[in-house]
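Student: I've got a structure to go through before group meeting. Can you walk me through it?

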Amino acid sequence: MGKKMLNLEEQCKIVNLLKSSSEQKSIEETVTDFFTNSKLRHFNVCYSLSLLLQDKMMLSSTERLVAFAILHRSYSSQKSAANPFISFLVNAACDDGAEKYERAFILQLLSSSNSNSSKEFLKQSASDYIKNFDPSSQNFPQREQLQKQYFEKVHPEPYSCLLQNTAVKNLLADPDVPCGCDANSAELDSQPGAKSKLGSGDRDEALSGLIANLSLEGLIPHWIRPVPPRFPVDEELVWLNPDNSHELQWDQGMCADTSRGAAVRDLIAKALKGALAPNQQEQVLVELANDPKLVYHCGLTPRKLPELVENNPLIAVEVLTKLINSPEIADYFTVLVNMDMSLHSMEVVNRLTTAVELPKEFVRMYITNCISSCENIKDKYMQNRLVRLVCVFLQSLIRNRIIDVKDLFIEVQAFCIEFSRIREAAGLFRLLKTLE
Amino acid sequence: MDSRDSSSPSAPNPDGSADDNEGGLPVTAALAKEAALHFQSRKFAECIDVLNQLKVKKEDDPKVLHNIAIVEYVRDGCSDPKKLLEALNNVKKRCEELAHASGEQVESGSSSGNKFTLDSKGSGTTIQQFSSDSAGIVYKHEFDTSVAALNIAVIWFHLHEHSKALSILEPLYQNIEPIDETTALHICLLLLDVVLACHDASKSADVLNYLEKAFGIGNVSQGENGNTGTQQSTNLVGKSSSVPSSTFVSDASSSDLAASVNASENPLSRDLSEDRLNEMFSTLDIGGQNLARSAGITSANDHPRITVDRSISGVDLKLKLQLYKVRFLLLTRNLKLAKREVKHAMNIARGRDSSMALLLKAQLEYTHGNHRKAIKLLMASSTRTDAAISSMFNNNLGCIYYKLGKYHTSAVFFSKALGICSSLQKEKPLKLLTFSQDKSLLITYNCGLQYLACGKPILAARCFQKACLIFYKRPLLWLRLAECCLMAVEKGLVKGSQTPSDRSEIRVNVIGKGRWRKLLIEYGISRNGHVDSIEKNDWALGGHGQPKLSLPLARQCLYNALHLLNCSEWSNSKSVLPSNSSLEESEPSDGSSYKNPIHKKLSGSNSMAPTMLVGLVNSNGDLKEPKGGANQEIVQNSVSYYEDIRGRENQMIKQALFANLAYVELELHNPLKALSAALSLLELPGCSRIYIFLGHVYAAEALCLLNKPKEAAEHLAIYLSGDNNVESPFRQEDCEQWQVEKPVDCEEPNGGAAAAKNPSHESLRECMFLKPEEARGTLYANLAAVCAIQGELERAHHFVTQALSLVPNSSEAGMTAIYVDLMLDKSEAALSKLKHCRNVRFVPSSLQLINPANCCEGGLELDPE
């Protein structure tokens, strides 16, 4: 299930390599043989070997030397600092608990790549190397010195996960021996042909088992990652009710008599241009009353409203009253507020105030416009006329409680004072005073 | 309009205009009337004949073409809605072209409106600006497209294309005043059904208010007295103006206004002839079974609409509105009021078909948690054995049993409901009504939920995928799909994922014998690598095959849901104004008082709605008609209450989405994205303790993976009291509350009891999440991991020991413990922990040497001494 570090071929290679280490073949030769197959994944092979090397019991002394040689050779084409196992090698060279010959061998390996120093020591077999080793011939430098020497140009480590970096090897020795026995005793090695004893075992079997099962991953601390809970089902289930059956509608307007609508449209068009005759006015009012929707189709638009107001204020009042629910009524009001002040427009607004409820803002705005029109007019005669009109209009609004005087008190009072020479203004002023 | 014209007494209009029509008018008008009569009496063949004569006389008249399309469609058994849609769209286009060509198009509000509001300083802004793009194109009567548009919307509605229907109906509704009453009423009712189906409470409230104002039929007795024709007709007036008998005008000033309007010599209301009124009411039908019912009535008579007594139809409309109101209240979960109103509906429906009222009552009890009562009512309501009805009946039973926790029973009902649906679909030819009654996609969604509850993610996902067709805009659907993925991955149903037992298993290879025996531990390999080996393109949902559930798909779904949620939040904040505008606009008088939002006044105190109603119920328990304004306020209240609930629900969904997203990103080895999701989760306001816990745990793990163990530790340290003690991140109540929380206040005595009974029941079934103590253990274990990484081995040892005492089954905690022991050079302790761990499987290696490629796993348990 887990990822195996080595494929079958690599496993065989390693097993053969280790076996051949005891033969009288030079180390050089053994190593070269090992690398004849280029398909080997160097890192995986080396990592496996390093794991095996970490266990001091597992490999024999000759096997260890060969394994170290492989670790070194795999990356010898590059700078020593680029060898991923350089720190492993240096550590092994400085390990005081290790055999002297082994440490010396590693030091020789390390120095061999640096210079053109002799690789003579590799020309002998591993067992010869051990046999011929003279401890006095080798001095062992300090760890710091080695690190300086070989780590020199260490590249910054590429990104890797901290969890992985802190991994320990996932291999545990679990010697299965009877109580009191020394697990390291060689007696417990099973002898070929001999009857197997309790606690005995075969090293080669264990070794090949290890090689087959080693994995790249070490042991790391593990995080508990709770699965988020399922979202609760609350109002989510769909309850079904039968739909109302909406049926297709017949268009009743098909071939309907539109003549009267057309007549009203014509009359309204006329009404924009001049006052209508009383009977025509009557006809418009009756038709509008008969069909409350007709007002929407009579051809009036906000833009045309001022003309209608000036020429036929009564019809304008009627139309606006009927349009009070129209979405466009605000546009009509806006036009009404902004059109030039006149008797007719004031009459329309006055009538409207009694017929429907107008927006307060609209009324306020209209009054303000009235007052400023009065002030701006140049013609004295016209001014007097307009002021009197406005006063009457305001009195009517106040009496009918259409406006709240408080809202406009100062404005209206100032107006009254400015035009106090006019009788109606004085009257309005008195009315204001009574309301105070 | 022909009926109106013929009925109006002042018909004679011999002069002028009539002559313009080449004298053809009387003939065509007569033919039109004949055709209409044929249509009403369902003699479609004759109807077509007459219409064809008309077509010869008035070539290319869009209205003739419109009616021909309608009749042909009905005559052919309503089997080709597509063709009809095309025809109607052509008619509409033709009408608009004609209107333009004749130059008779009245200036629209949109163009002029903008101009004038710009001109005016100040005033324009306070006077309601009404110049939405779609509103206001008013044509002459001849070119009026409202009926054609309504019919198009009807078809879309029946095809469940609610948003398309809405896009047609809304402009009509915005500019409803010029439309004649019959069509307007149909538009409103259809719109109400559509917005209710879309769960749009505020629009529903708006339309409901308008309907009651414009078409409301006083009180019950009025309808039953019978002879109130004139009074009723006055109700059919425009929106806010004088409606004396329907008492919705709120303040004194506007009732003054009403009086003044009535006093004026030209009252706003038009006297409808009784025939017209009659016709209008009788075209309204109650409930989905109308076909069956009218068939029963009309067996002797082919003229159902004409024979229906006027007073009855008046009451029918009343009942209809009442039922809409109940549905609205149910939607907004204003259960208390819904209860009252459904009672009212039952009273109106007395002696008539009360099945719809009963169904709603059943829904009410179901929502309340009174499941037994709901079942009883359901049984009582489905007396008719109509297939469509019985499929809904089964679905509803399924819902109830689901809520009772009996998932398998509910599965039976859901699949029965689906079975009936598919047999309906097999009927040839497919009819429009069959489409609209086909609720299979909705039922399928319920099925999905039920499969998910039963732990069948692949089946569930298939259901959700189907329901996607209508629910693709719902964030919850995507969350559910993501949950399907997670469940499938967790259960090892996905290629590359492992079964739960595999996942938490520690495999130990036993190598060698005797003194050479070695243990090789393998753990967590599944987590690091295999899942993401699935090809990235596999997640696509397309095609008819089943969706390939995977973690990338889960991520995609979660992003969809988040996107939808953000969109809806964004549009909610924007759409409040337009949706209220027509309401506001209808009352320019008290616009100012309307503008200080009732939301704000009442949203905090939901209890106000019930208290306000106390006065409305007299000693008999009958509902008095609410006094003016109160009704509207209640409706508005419900809306804001509902929006509150929706807001909270969306917050909950958002929490779940971010939590799931963080989890998925961790699983996909994207610690950076996981971190940002976890931090977003922690930033959510009002986050529940459980999700806060998850947020911290996910954030900490992500930080750890990003080599920031110190920051990771900070997230976990929040739960530390003192140096080494972990507090419970949440309490049991949090768990239960979170699982069973219902936004509805269950103050009803029986409802309360049921709700009190339920939690224990449901929490047993539903609470699949960690218990508080387990969560504590999780925190200990993760703290141990963080400490171990940082080399604080003693502390790690302390934490992991605590963790193991709380979550002894956690293999992760076990592994961390072994790791810490090994780091502390306590290999003996590590060995003994390994051997006592529960999830360990010892595998003898000799078997694997023989065939390493295809290892068989005869799990041999090693006896630990």
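Predicted model: local features only at pLDDT ≥ 70, side-chain atom pairs only at ≥ 80, totals over all residues.

Student: Is Ser345(A) buried or exposed?

Tutor: Buried, because its relative accessibility is 0% and the cut-off for buried is under 20%.

Student: What does Ser345(A) touch, beyond residues up to four places away in sequence?

Tutor: Val309(A), Glu310(A), Met339(A), Asp340(A) and Tyr366(A).

Student: Switching to the core. Which residues of the largest nonpolar core touch the most other members?

Tutor: That core has 143 residues, and the top ones are Ile400(B), Tyr445(B), Phe464(B), Ile506(B), Phe693(B) and Leu834(B). Leaving out neighbours within four places in sequence, Ile400(B) contacts Trp239(A) as well as Tyr366(B), His371(B), Ala374(B), Ile375(B) and Leu378(B). There's also a second, separate core of 86 residues, with Val64(B) and Leu150(B) among them.

Student: Now helices 37 and 41 of chain B: at what angle do they pack?

Tutor: About 20 degrees, with the axes 11 Å apart. Angles under 35 degrees count as roughly parallel, so helix 37 and helix 41 of chain B are roughly parallel to each other. The crossing is left-handed.

Student: Which residues make that contact?

Tutor: Helix 37 of chain B brings Phe693(B), Val697(B) and Cys704(B), while helix 41 of chain B brings residues including Ala775(B), Leu779(B) and Ile789(B). By class, the contact has seven nonpolar, two polar and no charged residues.

Notes:
Residues numbered from 1 in each chain as written. Chains lettered and ligands numbered in written order. Heavy atoms only, no water. Core = buried A, V, L, I, M, F, W, Y, C linked by side-chain atoms within 4.5 Å. Buried < 20%, exposed > 50% of the residue type's maximum accessible area, 1.4 Å probe, protein only. Contact = heavy atoms within 4.5 Å. Axes fitted to C-alpha atoms, helices over the stretch in contact; angles between N-to-C directions. Helix = DSSP H or I, 4+ residues; strand = E, 2+ residues; numbered from the N terminus. Parallel < 35°, antiparallel > 145°, perpendicular 65-115°, else oblique. Left-handed = near helix turned anticlockwise from the far one by under 90°. Nonpolar A, V, L, I, M, F, W, Y, C, P; charged D, E, K, R; others polar.
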